[in-house]
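Please look at the sequence and the fold side by side before reading on. The paragraphs below go from the helices and the sheet to the core, and then to some charged pairs.

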Amino acid sequence: MSAKPRILFFGYSEVGYSCLSLLLERGDHVVALITHEDNPHEKIWFKTPAVAAREKGIPVFTPESVNTPEWREKIAALRPDLILSVYYRHMIGTRILDLAPLGAWNMHGSLLPKYRGRAPINWAVLHGEPRIGMTLHRMVKSADAGAIVDQDGADIGPRDTAEQAFRKVLPCAPRVLARQIGRASCRERVLRLV
C-alpha cells in the first residue's frame, strides 16, 4: 500500500462538497468521485462535490447504479483502500463496500441512532429537536446502521427552518472528518477509522 491510501469518494450535496474539499486541500489521494447527475426538476441551491473534483482533475462518474457487474468491475479497478460516502443518495452494495481493505464509512446528517434514512435534518426540525448533528459510521448492509465512529452537533432553535438548521450543522461534517482522518501519518489516521 502506498503512503497515502486510495480514497474512493461517493457524495453529493454541499456536505459532500465540503468534505471532499477538505480531503483535496489536505492532499489526500482521492482516486475518483462517484456522484449523481443534477436533477433538472430540483432546484440546485448548493455546491456539489463534482465542482471540487473537476477543479483538481479528479475523475467524476455518475452511474444510475453502482451495484451492477459492470460498475463493480470498474470500482474494483480503481483499487480503493478506503471508501467514504457523504450524502450519496443510493445504497452501495456490500460487494463494493468489501473492496476497501481499510473499510467503508458514511457521513450521516443526524445524531445517530436517531433519524436514520432520508431527510434527517428535516425530520429533526419537524420533531422539535433542540440539537442536530453529523455522524461518521461504518457502512454495513442496512442503511445508517453501522458502528458509530464520531459525532458533532449544533444547537437549533424552535423557529429555525430546515435550511437554517442545515447551515448550522454543515460545519460539523468536515470537523468530524478532520478529527478522524487527520492523524500524524496517513496509515495511522485511516486505521483510526477501522
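**From the sheet to the core**

Helix α1 lies across strands β1, β2 (29-34), β4 and β6, and the direction of α1 makes about 165° with that of β1. Helix α7, which spans residues 172-181, also packs on the sheet, where it touches β1, β4, β5, β6 and β7, running at about 145° to β7. This is a predicted model, and the descriptions that follow should be read with that in mind.

The sheet itself is open and has seven strands, which follow one another in the order β3-β2-β1-β4-β5-β6-β7, with mixed pairing. At its edges stand β3 (60-61) and β7 (148-155), each of which pairs on one side only. As background, the strands of a sheet pair through backbone hydrogen bonds, and they can do so in a parallel or an antiparallel way.

How does this look around β4, the strand of residues 82-86? Strand β1, made of residues 6-11, runs parallel to β4 and is joined to it by five bridges, and within this pairing F9 has L84 as its bridge partner. Strand β5, residues 104-108, also pairs with β4 in the parallel sense, here over four bridges, and L84 has W105 as its bridge partner in β5. Further along, β5 pairs with β6 (residues 131-138) in the antiparallel sense, over four bridges, with H108 standing opposite T135.

Are the residues of β4 buried or exposed? Five of its five residues are buried, and the strand is mostly covered. In a regular strand the side chains alternate between the two faces of the sheet. In β4, L82, L84 and V86 are on one side while I83 and S85 are on the other, and because all of these are buried, both faces of the strand are covered.

Leaving aside residues up to four places away in sequence, L84 touches I7, L8, F9, F10, L23, W105, L136 and L177. The largest nonpolar core has 37 residues, and those that touch the most other members are F9, L20, L23, L84, M107 and L177. Helix α1 gives this core its largest share, seven residues. Another core lies apart from it and has 17 residues, including A32, I34, Y88 and A100. In soluble globular proteins, nonpolar side chains tend to be buried together.

Charged side chains make contacts of another kind, and the structure holds eight salt bridges. One of them joins E14 and R167, at 3.1 Å from N to O. Since E14 belongs to helix α1 (residues 13-26) and R167 to helix α6 (residues 162-169), this pair ties together parts that are 153 residues apart in sequence. E14 is buried, with a relative accessible area of 12%, whereas R167, at 34% relative accessibility, is partly exposed.

K74 counts as partly exposed, at 39% relative accessibility. Finally, D160 and K168 meet in a salt bridge at 2.7 Å from N to O. Here D160 is buried, with a relative accessible area of 15%, while K168 is partly exposed at 38%.

Terms used: Residues are numbered from 1 along each chain as its sequence is written. This is a predicted model: local features need pLDDT of at least 70, side-chain atom pairs count only at pLDDT 80 or more; totals for chains, interfaces and linings use all residues. Side-chain values use heavy atoms; hydrogens and water are left out. Buried means under 20% relative accessible area, exposed over 50%, partly exposed in between (1.4 Å probe, protein chains only). Helices (H or I, at least four residues) and strands (E, at least two) are DSSP runs, numbered from the N terminus. Two strands pair if DSSP finds at least two bridges between them. A salt bridge is a side-chain nitrogen of Lys or Arg within 4 Å of a carboxyl oxygen of Asp or Glu. Contact means heavy atoms within 4.5 Å. Axes are lines fitted to C-alpha atoms, for helices over the stretch in contact, and angles run from 0 to 180 degrees between N-to-C directions. A nonpolar core is a set of buried Ala, Val, Leu, Ile, Met, Phe, Trp, Tyr and Cys residues joined through side-chain atoms within 4.5 Å.
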